[in-house]
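Here's a quick briefing to keep beside you while you look at the model. Have a look at the sequence and structure first, then read on.

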Amino acid sequence: MKPHVLVSREVFDETIAMLEARCEVESNQADVRYSSEELAAKLADKDGAVVSTADRIDAALLDRCPRLKVVSNVGVGYNNIDVVACTARGVMATNTPGVLTDSVADYTFGLVIAACRRMTEAENHLRSGQWGGTFLKQMLGMDVHGATLGIIGMGRIGQAVARRARGFDMRIVYHNRARLDAASEHESRSAYRSKDDLLKEADVVVLLIPYSPETHHLIGARELELMKPGAILVNVARGGIVDDEALVAALRRGRIRGAALDVYENEPRFHPGFLELKNVVLSPHIASASEPTRKAMANTAARNCIAALTEGRPPNLLNPEVRARA
Ligand code: 8YV
């Protein structure tokens, strides 16, 4: 008998076809976000789940899914999944590392340029009908070339952003839980700094770390005060890493030059103060959203789910210590 799988959000037809070749599939192709209660009810009789990073998979939900053997995240970040609770219940958890690295790095660098050169502010100015023609001191911004880029989180994506920064002749400093080896530092032309020293030195600070209780509000009022007055903050990692209340206050009083955000505390809700500000670029969590990359993410998640249900040990297993349910 084929295992039963829930796909919690709309995916591509090819992903459904891949799953249906090996599983009985129920997919939310209407893409209406399930409540926690609806998700638990849908998973009560399932063997596997392909879920989005917006779906909360916690102990309370897992206790209502006695057959569940695998939770397969469509995304590299997995703070939405209580992996310890999965392991305790014999549930495998997987993510999709690697396939989105370059798309997220591309988008991150696009946000760097947009914020430094005030691109969205300029577009809004034009769209609002206020433009009276070009003049010398219009929309003066900061040059990207030659600026110092500070990368907090020098994993795959951080190192891909560093490669892009080299093409713009930027100086690169980074902070990471573990310092890179000498060869990787040399290859990325980057220099290690403590978090505080990076914040004091960088013209542009980019956040590329996972969210966890340890990184909650890693950037708050204190850290924003350390930044250079003309500096820019870019967050494409996770909402909650930045204290958005403190960031709104710092942007309002011009404590830093600007920001670019793709993620927010409590998204899809976000701090209304951002909407009043011209010195912030806003986008709706789309850093990985190129079509090829989102297809690769969904298909990788499907392959992880199928492997877990048919072979027992999937690629990209987040809890290899798990004794999976029979
Ligand atoms: C989202 C992301 O997963 O991969 C991640 O961790 O944050 C994004 O790629 C994306 O919204 C797909 O659901």
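Taken over C-alpha atoms, the centres of domain 1 and domain 2 sit 32 Å apart. This is a predicted model, and its protein chain is split into domain 1 (4-98 + 291-324) and domain 2 (101-282).

**Where the domains meet**

- On the residue count, domain 1 brings 7 residues to the contact and domain 2 brings 6.
- The size of an interface is often given as the accessible area lost when the parts come together.
- On the domain 1 side, Asn79, Gly98 and Thr293 supply 62% of the area buried against domain 2, more than any other three residues.

**What kind of contacts hold across that interface**

- Looking for salt bridges between domain 1 and domain 2 turns up 0.
- Polar contacts are another story: 3 residue pairs across the interface of domain 1 and domain 2 are in polar contact, both partners at pLDDT 80 or more.
- As for the make-up of the domain 1 face that touches domain 2, its residues divide into 1 nonpolar, 5 polar and 1 charged.

**Who surrounds the ligand**

- The residues around the ligand are Thr53, Val74, Gly75, Val76, Gly77, Leu100, Arg238, His285, Ser288, Arg294 and Met297.
- Sorted by class, that shell has 4 nonpolar, 5 polar and 2 charged residues.

- Arg238 has a side-chain N or O atom 2.7 Å from an oxygen atom of the ligand.
- Val76 works through its backbone, where an N or O atom lies 2.8 Å from a ligand oxygen atom.
- Thr53 puts a polar side-chain atom 3.1 Å from an oxygen atom of the ligand.
- How much of the ligand's surface does the protein bury? On its own the ligand exposes 330 Å², and the protein buries 83% of that.

Definitions and conventions
Residues numbered from 1 in each chain as written. Predicted model: local features only at pLDDT ≥ 70, side-chain atom pairs only at ≥ 80, totals over all residues. Heavy atoms only, no water. Near = heavy atom within 4 Å. Polar contact = N/O pair within 3.5 Å; in protein donor to acceptor, adjacent residues only side chain to side chain. Areas by Shrake-Rupley, 256 points an atom, 1.4 Å probe, with all protein chains shown as cover. Nonpolar A, V, L, I, M, F, W, Y, C, P; charged D, E, K, R; others polar. Domains from an automatic or database assignment. Contact = heavy atoms within 4.5 Å. Buried area = accessible area lost by both parts, 1.4 Å probe. Salt bridge = Lys/Arg side-chain N within 4 Å of Asp/Glu carboxyl O.
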